[in-house]
Amino acid sequence: MLSGRPASRSSWPVVPVNESTLTPVLTLRGHKYITTRSISYFPDGKRIISGSCDRTICEWNIEAGKEIKKARDVCKQEVHAVGVSRDGRWVVSAGGDYSGELKVREVETGTVRTFELTSGINCIDISGDSTLLASGSLDGTTRIWSLETCNLVAGPFKSINWVDAIRFSQDSKKLALKSNGGSRLEVWDVQSQRLVVYREGDWGLGGVPVFWTTKDTAIVTAFSFEVAQFQVKTIYEFDVSTLENTGAPFEGHTQTITSIALSLDHALLASAAQDNTIKLWAFESRQLLASFDSCSTICHLLFSPDSRQLVYTTASLFGNNIYLCNTPPEILANIQPVPQDRTVSSRNLFLADVLIPYFSFIPLY
């Protein structure tokens, strides 16, 4: 049962979108093997960083439409997550399997610090003030580090199984995470290092992101309450103090959701699923604005900082690419700003620091 205020769907105009597919305006080629696991924008919106299971980290010049070769980094193990700090000072990459690998690069100096950890890292997030780094691991632990000193400042926080997705609140006082194949949603207090609340659900695809909304009082992610169905087809917003549903859900996908992205201004939500569709939603009203067909399952979604482009990746045995598509102008022209009582979380610029692990692409049903 849903709780909280109902969504006001009637206040949103129906936006006609003629296209049935999102045609890429730019395709970035360079990574090999199955999938690009993580992508993140630089604050200027002109560059993207990506990490792949081919053990490489690539930086791309979007205006030139090509890789910045001198910035390529080769890691010892597969790269599961990348992120850029909001101030553009730090680039972080993480990965590994039985042993973890975490790198922090200072952009201005090029200085790289590497940490060898005992367990592979699935996901990372950088705080909105660009001072803290959170890492979630295969061993079910979450740790918080200082980006300036690279010292551990909090944790480990222990979940029941591997951590799939992680996100700082806007004020960095809380941490939302998903664990155990996306079936467990948790909220932690960073200062007290205490688990505040959790909610159990059904297994889905590990790595589907979680985002903070509404003045740090709510979070949004794909979730399922139907145990043993193994199909997470719906996106919910949760009250952060109780993890009870608030508002109407985002319903429309017919198969398991593989990724979601929230625009910087919280006006648009994008979702992709194994039904080979990408859907665009008005976040405040939950109205479905457009649905596009895709030729294959989308692994990861990311809005550009100005929401004018939607970036996605797919899984392929023959190499994988990063595709940039224009958000339909008719949607941008008609989308309404978030009401003043809903705070925009600036840290949502970095939407793509989440692992899409191998098992994410194996149907569980």
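This is a predicted model: local features need pLDDT of at least 70, side-chain atom pairs count only at pLDDT 80 or more; totals for chains, interfaces and linings use all residues.
**View 1. Phenylalanine 223 meets phenylalanine 238.** Searching the whole structure turns up nine aromatic pairs. In one of them, the ring centres of phenylalanine 223 and phenylalanine 238 are 5.6 Å apart and the planes stand at 85°, so this pair is edge-to-face. Phenylalanine 223 belongs to strand β20 (residues 218–223) and phenylalanine 238 to strand β21 (residues 234–239), so the pair ties together parts that lie 15 residues apart in sequence.

**View 2. Tyrosine 312 and tyrosine 323, a stacked pair.** Here the two tyrosine rings sit 5.1 Å centre to centre, with 25° between their planes, and the pair is stacked. Tyrosine 312 comes from strand β28 (residues 309–314) and tyrosine 323 from strand β29 (residues 321–326), so the pair links distant parts of the chain, eleven residues apart. Both tyrosine 312 and tyrosine 323 are buried.

**View 3. Arginine 47 over phenylalanine 42.** Look for arginine 47 lying over the face of phenylalanine 42, at 4.0 Å from the ring centre.

**View 4. Arginine 286 over phenylalanine 283.** In this close-up, the ring of phenylalanine 283 has the charged end of arginine 286 sitting over it, 5.3 Å from the ring's centre.

Conventions: Residues are numbered from 1 along each chain as its sequence is written. Side-chain values use heavy atoms; hydrogens and water are left out. Rings of Phe, Tyr and Trp (its six-membered ring) pair if their centres lie within 6.5 Å; planes under 30 degrees apart count as stacked, over 60 as edge-to-face and the rest as tilted. Helices (H or I, at least four residues) and strands (E, at least two) are DSSP runs, numbered from the N terminus. Buried means under 20% relative accessible area, exposed over 50%, partly exposed in between (1.4 Å probe, protein chains only). A charge sits over a ring if NZ of Lys or CZ of Arg is within 6 Å of the ring centre and within 35 degrees of the ring normal.
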